[in-house]
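Biologist: I have a model open here. Can you walk me through a few spots?

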Amino acid sequence: MAKTLPERPRAVLVGVQLPGVTDESHAADLAELKRLVHTLGFDAVATVSQRRQRLATGTVLGSGKLKELAALTGGSGVILSGAHGKASKAREKWEAEAEAEPEAGAEATGAPGDMDVAADAEEPHDEDDDSTDTDLEATAMEPGPKPTVVVVDHELSPSQLRNLERATSAQVLDRAGVIVDIFHRHAKSHEARMQVEIARLNYLAPRLRESSGGSERQQGRGSGDSAVELDRRKIRDRLAELREGLASIQKDQDQRRYARRDQLRVALVGYTNAGKSSLMRALTGSAVLVADQLFATLDTTVRAMQPETRPRILVSDTVGFIQKLPHDLVASFRSTLDEALEASLLLYVVDASDPTWAAQLEVTRTVLREIGAEVVPSKLLFNKVDRLDAAAQEALKAEHPEALQLSAHRPDDVAGLRREIITFFEASMVEADLVIPYARQGRIGEVYEHTTVVSQAYDETGSRLRVRGLPGAIARLTRSFQD
Ligand SMILES: Nc1nc2c(ncn2[C@@H]2O[C@H](COP(=O)(O)OP(=O)(O)OP(=O)(O)O)[C@@H](O)[C@H]2O)c(=O)[nH]1
Ligand SMILES: [Mg+2]
């Protein structure tokens with residue numbers, strides 16, 4: 001029996017088109033935000049978008065546009081800061097600390113008293129003057145109940161977030177918050193969960209007082225402040241604990257990687273949803289998760305290519321990239337990406353059917369450059385070409401003749417990719433002779449595991465094998481059978 005699904009929360013997307021951002025890329029950013037929000041389980045039912053010189057310090061949007069947004073969510077459209085009373089000295093200090101970095105001076109140097117009022121008082125002349133703003137996309141809201149969530153396509157300072165919540169009476173999330181939440185939900189392995197928790201705590205820490213605001217008011221200000229202090233200390237302790245745990249897991253992984261050092265490794269890298277896991281499945285026959293979701297994969301999986309080659313080739317599936325990935329998340333996933341660094345060949349997977357593939361490829365290249373992976377030989381794969389017509393495929397071919405066009409869903413294409421991978425490794429292999437003394441015949445399997453045996457002969461000392469393999473693997477085998 002089909003159960004009735006729980007109601008999905010309805011969300012309004014908010015985007016500001018800043019100078020230098022084209023209409024297309026602004027629209028693409030919002031479309032991507034919509035997919036992120038959908039992945040998180042919300043329905044984006046309206047978009048409020050505006051062209052501005054910069055984000056309004058207090059509320060991102062100008063005051064007119066803010067009222068429009070609030071009308072959708074049933075909020076007042078203004079910031080009723082008085083309701084929260086004056087901030088205490090300690091809270092002010094904490095807020096100033098939290099916001100000194102992203103917004104140098106904007107509020108940290110504001111007049112003492114309620115921080116939100118200070119932020120607003122500073123800006124009416126320019127920030128709230130809508131005369132230079134342009135309204136964009138006056139999309140009609142889909143009929144239904146009032147949205148309860150507002151998702152902003154920019155990184156919000158804690159006070160912008162709080163101001164927007166007050167003005168809209170809705171839960172407010174920014175892009176980084178959405179991504180962190182998706183990662184939190186999708187993380188499966190112990191390691192990924194720890195990495196995500198670190199990123200989440202780092203993200204939440206400066207926003208902490210918001211959630212403790214309720215208890216603060218109930219208990220009186222003094223105790224509220226120490227509660228925040230306590231929470232901060234708890235977070236710091238937890239972060240230290242997590243980092244320690246992660247370090248020990250990573251030591252194990254380093255060992256495992258060390259054991260794999262002579263193996264032939266290829267890694268699938270690329271933008272989220274490009275089809276990396278689909279290709280991993282097709283190449284290795286493994287049942288990794290494939291889903292039309294952003295960040296379906298958060299763990300690196302390593303599997304042997306099937307049918308197995310001699311020596312076998314290991315394929316790694318990795319976490320996807322996205323533009324404006326929160327810094328902490330990038331840092332958290334560095335270790336996961338070390339897999340990519342150790343591969344002999346990187347397959348850059350691109351969703352050729354996405355109109356923004358070029359920008360997506362650029363993001364992938366930038367992140368890999370940052371971790372120093374640009375020196376690893378690579379091959380560009382235009383995936384999902386089953387969705388392109390012949391003309392589009394021709395155009396792509398003209399632009400990138402070196403790339404391979406394929407569809408992860410077509411077995412013939414995957415066989416072609418497999419051949420390319422094998423050819424790549426064959427080119428870096430050398431031939432050599434190995435002599436295995438009779439006393440060591442029991443370990444002959446190691447030779448078959450790491451090399452291709454071209455011929456085999458026997459004499460009085462043992463078996464003599466003519467092999468092809470990577471120079472490193474042959475050197476190690478030669479040594480290991482000598483002593
Ligand atoms: N039409 C078509 N769809 C594809 C192809 N390859 C993958 N897909 C679909 O694209 C979606 C994403 O595929 P995944 O393989 O999960 O993508 P991914 O790169 O691993 O994504 P993340 O793990 O989220 O970073 C799924 O719905 C796939 O079925 C293809 O060649 N053609
Ligand atoms: Mg995946």
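Biologist: What does threonine 297 touch, not counting residues up to four places away in sequence?

Modeller: Threonine 297 touches Lys276, Ser277, Leu289, Asp317, Val319 and Gly320; contact means C-beta atoms, placed from the backbone, within 7 Å. This is a predicted model: local features need pLDDT of at least 70, side-chain atom pairs count only at pLDDT 80 or more, and totals for chains, interfaces and linings use all residues. Residues are numbered from 1 along each chain as its sequence is written, with chains lettered from A and ligands numbered from 1 in the order in which they are written.

Biologist: Is threonine 297 buried or exposed?

Modeller: Threonine 297 is buried, because 25 other C-beta atoms lie within 10 Å. The cut-offs are 20 or more for buried, 12 or fewer for exposed, and partly exposed in between, with C-beta atoms placed from the backbone.

Biologist: Which residues does UniProt give for "binding site"?

Modeller: The unreviewed UniProt entry places that feature at Ser277 and Thr297. Positions follow the numbering used here, feature names are shortened, and annotations may be inferred rather than shown by experiment.

Biologist: Where is serine 277?

Modeller: Serine 277 is in helix 10 (residues 276-284); helices are DSSP runs of H or I, at least four residues, and strands are E runs of at least two, numbered from the N terminus.

Biologist: Different topic. Which residues of helix 17 are buried?

Modeller: Ala473, Ile474 and Leu477 are buried in helix 17. The buried residues of helix 17 pack against strand 12 (430-437), helix 16 (444-450) and strand 14 (462-469).

Biologist: And the face turned away from the buried side?

Modeller: That face of helix 17 carries the exposed residues Pro471, Gly472, Arg479 and Gln482.

Conventions. Contact = placed C-beta atoms within 7 Å.
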